Amino acid sequence: MPDRLRIAVQKKGRLADESFTLLKKCGLNFSVRGDGLLARVKNLPIDLLLVRDDDIPNFVASDASDFGLVGENVFAEEIMGVKAFDIKIVRRLGFSRCNLCLAAVENSAIKDPSDLNNKKIATSYPSILKTYLKNNNINATCVEMKGAVELAPRINIADAICDLVSSGATLEANGLKVFETILESEAVLVGSNRTLVANKQRVYERLLSRIDGVISSKDSKYIMLNAPEDQVDIITKLLPGSDAPTIIPLSADNNLVAMQAVCTENVFWETLEALKDKGARSILVLPIEKMMN
Ligand code: PRT
Ligand code: ZN
């Protein structure tokens, strides 16, 4: 269907659930069932291509898909490995965060990237690793592994590893310690430089504006409070990431005003305590479900 926008999404795995959640928050109505490769969005001309994450950059580059949701680590590996690959990051999505790190056995002689000269490093990310080594003038050998990279030092396949880390529990369980972060990764929306036909472009623009709305409302909160009129300026400065709040005089008491504001950063208990300290009362913090600027 050439007029339906195609988005490649990981079918199963660490990216899948949050990718589906993001698209559902954007109002896309679809269900993912069984072994199907395609999920049809019922209320918009969009098809989801359900695939393995490693295939997503290639599908976008080769026009099998218009866009894709993928880890920046996989995107970077493809971009650094293939020349003239027509694919770019359109948006950072803020989920599936992890770091691509260099690690070695705790108490080993390798404590710093410069200690890697003439050593072997096991990784599933050979292109990113080789680029890093070249840029840092390190002369090491890259040992490519498809998985279980953390076992490489123990079985003497390599002296160090270059692997993804999120909580760090896997490295710790294998007696390994991070000494350098090569790449900070999160899920990204990727697309190409190809021109879309007009109706696909319209659907894409609607989707992108909804994605922006979901991203900006994620950490945003609506805050409501009452405050003494002479404290308004001080209280405004305390509201995290908010522009000018709405101020409404309270007729019941001339010295009090009601203040309402959208805070685009997290509102912590410490913020509420500081607001209370400056005379704010009846403070309410509400989640924002949708936002469009
Ligand atoms: O089947 P398919 O090919 O689609 O999936 P996959 O098995 O190749 O990938 P998957 O689902 O494991 O990961 C998809 C994406 O999630 C990755 O490309 C990253 O962008 C992101 N991500 C986020 C992670 C992690 N966190 C992560 N922790 N990918 C892998 N890991 C590994 C890590 O390497 C370690 O071995 O999980 C293990 C546990 O991590 P710790 O540090 O929490 O112990
Ligand atoms: Zn994969």
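**Ligand 1 and its surroundings**

A polar side-chain atom of Ser 167 lies 2.6 Å from an oxygen atom of ligand 1, a polar contact being a pair of N or O atoms within 3.5 Å. The structure is a predicted model, in which local features need pLDDT of at least 70 and side-chain atom pairs count only at pLDDT 80 or more, while totals for chains, interfaces and linings use all residues. Residues are numbered from 1 along each chain as its sequence is written, and side-chain values use heavy atoms, with hydrogens and water left out.

**Contacts and cover**
- Asn 73 also places a polar side-chain atom 2.6 Å from an oxygen atom of ligand 1.
- For Thr 170, an N or O atom of the side chain is 2.6 Å from an oxygen atom of the ligand.
- On its own, ligand 1 has 840 Å² of accessible area (Shrake-Rupley method, 1.4 Å probe), and the protein covers 79% of this area.

**The shell**
- There are 21 residues around ligand 1 (a heavy atom within 4 Å), and Gln 10, Arg 14, Asn 73, Ser 167 and Thr 170 come nearest.
- By class, the shell contains 6 nonpolar, 9 polar and 6 charged residues; Gly counts as polar, and Asp, Glu, Lys and Arg count as charged.

**Elements and domains**
- Helix H3 (72-81), strand E9 (160-165) and helix H5 (169-173) each supply at least two shell residues; helices are DSSP runs of at least four residues and strands of at least two.
- Strand E9 gives the largest share, 3 residues.
- Domain 1 (5-96 + 187-217) and domain 2 (98-185) each contribute at least three residues to the shell, with bounds from an automatic or database domain assignment.

Terms used:
Chains lettered and ligands numbered in written order. Polar contact = N/O pair within 3.5 Å; in protein donor to acceptor, adjacent residues only side chain to side chain.
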